Amino acid sequence: MKRTAVFLLLTVLLDQGLGSVLGYIQRQTFTGDRGGLLNYALTQEPQILVLGSSRAQFQIMPSVLTEKLGLTAYNAGLKGQDFLYAVMFYDLWKRRHPPTKILVLTIDIESLIPRETEVNTAHLMAPYIDESTLVREILYSDSPFKRFEYLARTYRFNGSVLSLANHAFHRPPNGYDGLTVTPGALDPVTETGVLNALDQDRTAFEMAQVPFSPQKLKYLRALAEETSRNGTRLFLLHTPIFRQDEAAHQVWVDKLRATLAGMPGVQFVDICIATHPELFTRPELYRNLNHLNRAGAEIMTGLLAAETKRRL
Amino acid sequence: MLFNSFSFVSFFGVVTLLFFVLPHSLRWLMLLLASCFFYMSFVPIYILILAVTIIIDYGAGIWIEDTFDPSKKKIFLALSIVSVCAVLFVFKYFNFFNANVAALAAALHWNYPIEALRIALPIGLSFHTFQSLSYVIEVYRGRQKAEHHFGIYALYVMYFPQLVAGPIERPQNLLHQFHERKYFDLSRLQDGLSLALWGLFKKVVVADSLAIYVDTIYNNSSYHNGATLLVATYCFAFQIYCDFSGYSDIARGVSRVYGIELMKNFDAPYFSRSISEFWTRWHISLSTWFRDYVYIPLGGNRVSSGRNFFNLFTVFVLSGFWHGANWTFILWGALHGIYLIAERLWGIAREWLGVVPPVEAGPVRKALSVLLVFHLVLVAWVFFRVSDMATAFDVTRRMLVPTGNIFFDPILVQGVLGVLLVTGGDWLIRRTDYWNNLCRYPVALRFATCLAMLFGISLLGVEKGSQFIYFQF
């Protein structure tokens with residue numbers, strides 16, 4: 001029995017110790033998409049903050065926004081993440097910096113519907129769990145056992161250790177603005193084949209018909225109130241998808257506009273095949289079905305800047 | 001309720017506590033209720049199928065024992081086997097046969113009106129069917145007394161640690177253990193938990209990380225080059241090993257906590273130096289089941305070479321079919337059958353040529369044998385992984401000419417490191433019989449091993465990884 005007690009004590013002490021060491025390394029690491037980039041983004045203080053998934057990270061060019069709007073910009077979008085990551089990030093960011101002038105949040109057909117895997121991928125925010133009630137609330141919502149799992153400090157770095165080891169203490173180059181350039185061009189035949197081969201559990205049209213998650217709407221409403229209170233202009237941006245399902249898009253846009261009608265101050269900017277068919281039906285502007293390449297991103301960000309300017 | 005979930009950890013904690021708090025006379029009931037709850041956490045209604053199997057074989061066992069007339073015994077045995085297998089056929093094999101008959105009818109321009117059944121396969125059906133069958137056969141052979149306590153018999157079929165993916169136990173090993181009085185033993189609890197932890201490590205750190213890479217490649221196999229397919233197949237070989245042996249270790253570890261020993265299901269199979277040795281180390285409970293109840297009754301190796309080859313081939317084709325109602329599984333089994341026949345032929349040829357193999361092979365020869373066997377098994381795994389024959393042949397063809405740049409995913413690093421660790425661990429465990437001699441090792445070493453596994457799982461375990469592969473069988 002004594003040995004068991006010693007073992008349990010050792011486990012707790014080691015967990016706390018190892019967790020603290022990893023926390024220290026994490027705070028000093030500013031590259032790598034398993035936490036480093038997120039950490040770096042939290043240190044930035046731009047006038048335009050871009051948030052969202054890879055469709056923000058790969059497609060919105062802060063340099064173009066700065067050039068057209070005369071405001072500093074940083075892209076804090078992150079591959080694999082989505083709406084929940086964005087609200088958690090903003091909650092942490094606003095504790096560190098004064099309000100930004102413009103907040104751009106990319107949003108897609110699946111962003112506001114309930115998705116089982118989204119909280120799981122947002123586990124990336126776990127190292128910051130002690131800092132924010134919102135982060136805790138979202139991460140705990142994954143399962144009734146989560147609040148116990150997160151008691152383990154090492155668990156907060158689950159899945160990030162190898163990336164941390166690879167990027168420990170690295171900093172991005174000077175002038176890094178969060179954009180990840182995606183070169184290359186789309187081969188429509190191959191890409192469509194890949195898409196069809198993937199196990200898609202729901203089609204775009206099915207997703208468009210799913211009611212928005214009450215939990216996500218609560219966070220969106222809170223974000224809208226917060227930004228409206230501190231003078232930040234909040235733009236929800238929908239970006240192009242090659243061979244977008246037009247019917248699904250229309251259903252989704254109608255539903256979104258109806259929802260946003262109750263949230264004054266939130267602007268919806270739709271830049272896609274439906275609004276700019278002459279541009280975004282061109283495969284040479286894409287890297288793959290869901291992401292524009294550099295040329296496409298430049299055009300899309302230009303359109304975003306113009307639209308933002310018009311609405312400011 | 002998967003073994004690699006917090007809900008199972010809580011369930012196990014509660015069951016363990018109750019097990020040691022309750023008097024011996026009530027433990028079987030508590031374990032049975034816990035097993036029902038465990039099974040019903042998947043698809044509740046399917047417990048009725050399990051109940052049917054249990055009732056049939058419970059009754060059959062008693063009737064067989066009570067009857068002195070050999071022909072009646074045979075009839076009871078046949079009725080039991082046919083009815084239990086009929087359940088298996090309806091849920092697992094009907095659609096396969098139906099689809100093949102429909103395809104044949106279409107080729108002959110016949111009208112074939114029977115539609116496929118829209119039913120899901122009950123989890124672990126093949127496992128508990130085989131376990132139930134082994135009981136009836138053993139009673140028939142007079143090697144096991146019929147169990148008169150219905151609850152204990154139901155527990156034999158439903159015992160939750162091995163209910164959904166084995167090991168497929170024999171009544172001689174398991175049944176009597178449910179009758180024995182068990183006392184709380186801290187060192188046994190520690191040993192059991194350590195073994196379960198090792199299994200969990202293999203599943204969530206190694207198998208689930210490899211699964212991410214394997215699924216990415218195999219779900220789009222036509223878009224990947226030969227080199228990438230080869231790497232993905234190597235990964236799959238270790239994924240399925242760590243997944244299934246991980247499950248078996250958790251099952252054995254959990255059961256050991258209660259003082260109930262389950263049979264060893266894996267014994268470092270990728271260190272085998274022949275295909276026949278591989279099958280004495282891989283899924284031991286299934287291979288011995290087929291040996292005892294199919295291969296030996298067919299005549300085993302006490303027949304002519306030709307008949308022996310037929311027996312071997314039949315057993316392996318059936319083994320493939322046991323895994324899944326698909327031609328790919330049948331071919332996987334057939335390939336292993338062919339390997340074994342080739343191995344036997346090679347032995348015969350060597351004898352005929354008068355080539356005497358060295359009594360103790362050198363390290364290079366041993367290593368080459370291990371590599372050869374591993375790669376033969378590797379080719380067969382392609383058929384196990386894909387869902388149709390055309391893809392299987394396409395992947396095999398391209399994999400055997402591994403050209404092009406390998407598709408890299410960072411998760412591969414974790415998977416490969418995990419494979420090295422598990423391979424080294426397996427080698428050590430086998431050499432030292434570690435899990436059966438834990439008390440001989442210094443406490444510090446045991447602590448360190450457990451802590452390493454615990455923190456390995458906490459830091460590297462894949463969250464919400466895939467289901468255990470063998471659950472589908």
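Predicted model: local features only at pLDDT ≥ 70, side-chain atom pairs only at ≥ 80, totals over all residues.
Me: How many aromatic pairs does a search of the whole structure find over all chains?
Reply: Residues are numbered from 1 along each chain as its sequence is written, chains are lettered from A and ligands numbered from 1 in the order in which they are written, and side-chain values use heavy atoms, leaving out hydrogens and water. Rings of Phe, Tyr and Trp (its six-membered ring) pair if their centres lie within 6.5 Å. Over all chains, the search gives 76.

Me: Are the rings of Y74(A) and Y176(A) stacked or edge-to-face?
Reply: Planes under 30 degrees apart count as stacked, over 60 as edge-to-face and the rest as tilted. The ring centres of Y74(A) and Y176(A) are 6.4 Å apart with planes at 75°, so the pair is edge-to-face.

Me: Is Y176(A) buried or exposed?
Reply: Buried means under 20% relative accessible area, exposed over 50%, and partly exposed in between (1.4 Å probe, protein chains only). Y176(A) has 18% relative accessibility, so Y176(A) counts as buried.

Me: How many residues apart are F236(B) and W381(B)?
Reply: Good one to look up in the structure! Helices here are DSSP runs (H or I, at least four residues), numbered from the N terminus. F236(B) sits in helix α9 of chain B and W381(B) in helix α14 (residues 363–385) of chain B, so the pair links distant parts of the chain; their separation is 145 residues.

Note on methods
Helix = DSSP H or I, 4+ residues; strand = E, 2+ residues; numbered from the N terminus.
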